[in-house]
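Q: Got a model open here and want to talk through its helices, cores and pockets. Can we start with the terms?

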Amino acid sequence: MNEGTGFKRRDDAGQRSGFNRGGDSGQRGGWTRGDEAQDRRRGGEGARAGGGSADRRAARPEEPDLPDEVQAADLETEVRRDLLSLDKSNAETVARHLVMAARLIDDDPRLALAHARAARQRAGRIAVVRETAGVTAYHAGEWAEALSELRTARRMSGGSGLLAVMADCERGLGRPERAIELGRGDEARALRGDEATELRIVVAGARMDLGQYDQAVVTLQTSELDPSRTGSAAARLFYAYADALVAAGRTAEGLTWFLNAASADLDGETDAEERAEELTGGTDL
């Protein structure tokens, strides 16, 4: 998981945050992984030479259908390289399932998860496959499964990528204290840029889960709170800060930051403008 990649909020999960399949890391068929692990060979399930029969067995009946037009070549080259230790036929099927998981994750996360699980069943010793399964489970609201898969992927490949997603899974499991604890660790302190911001947002959300609204406000107070900034990361930060301010009873300040979030939100990811209208009673802003 690239250390510079943020993630997009899950609109259907309140404060929960989702995976951003972009970022300055570049896209790899919808999934990113750590720079420090890019040249590391993952252990696959069966070597190319003399691989076990498990890699060559027919598709399991429970696997979702793969459309004919979906090809392994649709997956980014660097991810496909991680599948080279698999039998060729199995590697192709795994790649196609990963492509489908990436394509479906926003519109049909349950079906995307079925594809990710199929890939995991075939290639569970490959870090990017486990990471994909974790991210997809997260989008499908399967918090425990997501957390388990992401922990496994991190043990395989190292790095602190997706720490914010893991913290948000803890919130989804009703354990905000654990989310806060993740935000205090050495790995959290090493984060920079959008990843650090996303973790702040999750930790602030955990504080709000506990009714600690003033602490949530403080958590989000960073140099990144610059109203001249625009873009997805800025909009999400401004929105979270506005939400915390309102919860803390600082409504006028919250309105200002909802307006800042609306101005920064070039892609319409948040409902910041609507929240601002609610606070003003629908009068002209």
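This is a predicted model: local features need pLDDT of at least 70, side-chain atom pairs count only at pLDDT 80 or more; totals for chains, interfaces and linings use all residues.

Q: Which helices each supply at least two residues of the lining of the largest pocket?
A: Those are α8 and α9 (193–209). A pocket here is an open set of points on a 1 Å grid over the protein atoms alone, where a 1.4 Å probe fits, with protein on both sides within 12 Å along at least five of seven lines; lining residues have an atom within 4 Å of a point. The largest share of the lining, seven residues, is from α9.

Q: What lies nearest the centre of that pocket?
A: Gly183, Ala188, Ala196, Arg200 and Thr219, out of 18 lining residues.

Q: And the lining by class?
A: Six nonpolar, six polar and six charged. Ala, Val, Leu, Ile, Met, Phe, Trp, Tyr, Cys and Pro count as nonpolar, Asp, Glu, Lys and Arg as charged, and the others, Gly among them, as polar.

Q: Switching to cores: how many residues has the largest nonpolar one?
A: It has 34, and Leu83, Val94 and Val129 have the most contacts inside it. A nonpolar core is a set of buried Ala, Val, Leu, Ile, Met, Phe, Trp, Tyr and Cys residues joined through side-chain atoms within 4.5 Å. Buried means under 20% relative accessible area (1.4 Å probe, protein chains only).

Q: What does leucine 83 touch?
A: Leaving aside neighbours within four places in sequence, leucine 83 is in contact (heavy atoms within 4.5 Å) with Leu75, Ala91, Val94, Ala95, Ile126 and Val129.

Q: OK, α5. Which of its residues are buried?
A: Trp143, Glu145, Ala146, Leu147, Glu149, Leu150, Thr152, Ala153, Arg154 and Ser157. Their cover includes α3 (109–122), α4 (127–139), α6 (163–172) and α8 (186–190).

Q: What comes just after α5?
A: Glycine 158, with a positive phi of about 80°.

Q: And α11, how many residues are buried there?
A: In α11 (residues 232–247), 13 of the 16 are buried, so α11 is mostly covered. Glycine 249 follows α11, and its phi is positive too, near 85°.

Conventions:
Residues are numbered from 1 along each chain as its sequence is written. Side-chain values use heavy atoms; hydrogens and water are left out. Buried means under 20% relative accessible area, exposed over 50%, partly exposed in between (1.4 Å probe, protein chains only). Helices (H or I, at least four residues) and strands (E, at least two) are DSSP runs, numbered from the N terminus. The expected span of a helix is 1.5 Å times one less than its number of residues.
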